[in-house]
Amino acid sequence: MIEQTAIQDLISDNHCFGCGPDNDHGLRIKSYWSGEDKTRCVFTPAAHHSAGPARYLNGGIIATVIDCHTVCTAIADGYLQAERDIGAGSTIWYATGKLAIRYLAPATIDKPVILEASIVERSSRKTVLHCDLSSSGRLCAEAQVIAVRVPEAW
């Protein structure tokens, strides 16, 4: 098995609450390429990430990990399309243009959640992605995300 470095660990100056390795208080998710135009992330919730019922994961945390996983996928793809290693040369950033989530079932707090994202469409300005979030082998949420490339000065 070839060990990969997480996409987030290759993006410099990333202080994002959901995915930034430079944020000591954040979720610090880790995303990895899992196939052509596909990435995967396994996130283990903490007890304080609960919804009203303590046994379920908060919907805002679900939205955050989906958002961060897909936007980091778009960033990594931006570098790939520029034929550069992630983080090499001038910074490539994407931001959330649209996040549409369908919550299908509660995700349990005591088990890892699995996020699988795929790139549906790309252009020089935006990337459209689909993401599934599963818990205990059950699809709990699915999302469509539009990640918009932002200027380097951003």
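1. The largest pocket holds about 180 Å³ of space. This volume comes from a predicted model, as does everything that follows. In general, rolling a probe the size of a water molecule over the atoms shows where empty space is left. Thirteen is the number to look for when inspecting the pocket: 13 residues line it, and C16, C19, V71, W93 and Y94 lie nearest its centre.

2. The lining of the largest pocket can also be described by class and by element. It has 10 nonpolar, 2 polar and 1 charged residues. Two elements, α1 (59-81) and β3 (93-103), each contribute at least two residues to the lining. The largest share, 5 residues, is that of α1.

3. The largest nonpolar core has 41 residues, and those with the most contacts inside it are I29, F43, I66, L115 and L133. Two or more residues of this core are given by each of β2 (38-43), α1, β3, β4 (113-122), β5 (126-135) and β6 (138-150). Which element gives the largest share of this core? That element is α1, with 12 residues.

4. Leaving out residues up to four places away in sequence, I29 touches Q8, G18, C19, C41, F43, V65, C68 and H69. Of these partners, F43 is listed with I29 among the core residues that have the most contacts, while C19 is one of the residues nearest the centre of the largest pocket.

5. The cysteines deserve a comment. A disulfide is a covalent bond between the sulfur atoms of two cysteines. How many disulfides does a search of the whole structure find? The search finds 0. C72 is in no disulfide, and the nearest cysteine sulfur, that of C19, is 3.6 Å away; the cut-off for a disulfide is a pair of sulfur atoms within 2.5 Å. C131 is likewise in no disulfide, its nearest cysteine sulfur being that of C41, 8.5 Å away. C72 counts as buried because its relative accessibility is 2%, and C131 counts as buried because its value is 0%.

6. T127 is placed in strand β5. Is T127 buried or exposed? T127 counts as buried because its relative accessibility is 1%. Apart from neighbours within four places in sequence, T127 is in contact with A74, Y94, I119, E121, R122, V145, I146 and A147.

7. A147, one of the contacts of T127, is found in strand β6. A147 counts as buried, since its relative accessibility is 0%. Residues up to four places away in sequence aside, A147 touches V71, A74, Y94, A95, G97, R125, K126, T127 and L129.

8. Most residues other than glycine have a negative phi. D13 is not a glycine, yet its phi is positive, at about 55 degrees. D13 is found in the segment before β1 (31-35), and D13 counts as exposed because its relative accessibility is 57%.

9. S136 is the other case. S136, which is not a glycine, has a positive phi of about 55 degrees. Where is S136 found? S136 is in the loop between β5 and β6. With a relative accessible area of 53%, S136 is exposed.

Notes. Residues are numbered from 1 along each chain as its sequence is written. This is a predicted model: local features need pLDDT of at least 70, side-chain atom pairs count only at pLDDT 80 or more; totals for chains, interfaces and linings use all residues. Side-chain values use heavy atoms; hydrogens and water are left out. On a 1 Å grid over the protein atoms alone, a cavity is a set of points where a 1.4 Å probe fits but cannot get out, and a pocket is an open set with protein on both sides within 12 Å along at least five of seven lines; lining residues have an atom within 4 Å of a point. Grid points are joined across faces, edges and corners, and a volume is the space filled by probe spheres set on the points. Helices (H or I, at least four residues) and strands (E, at least two) are DSSP runs, numbered from the N terminus. Ala, Val, Leu, Ile, Met, Phe, Trp, Tyr, Cys and Pro count as nonpolar, Asp, Glu, Lys and Arg as charged, and the others, Gly among them, as polar. Buried means under 20% relative accessible area, exposed over 50%, partly exposed in between (1.4 Å probe, protein chains only). A nonpolar core is a set of buried Ala, Val, Leu, Ile, Met, Phe, Trp, Tyr and Cys residues joined through side-chain atoms within 4.5 Å. Contact means heavy atoms within 4.5 Å.
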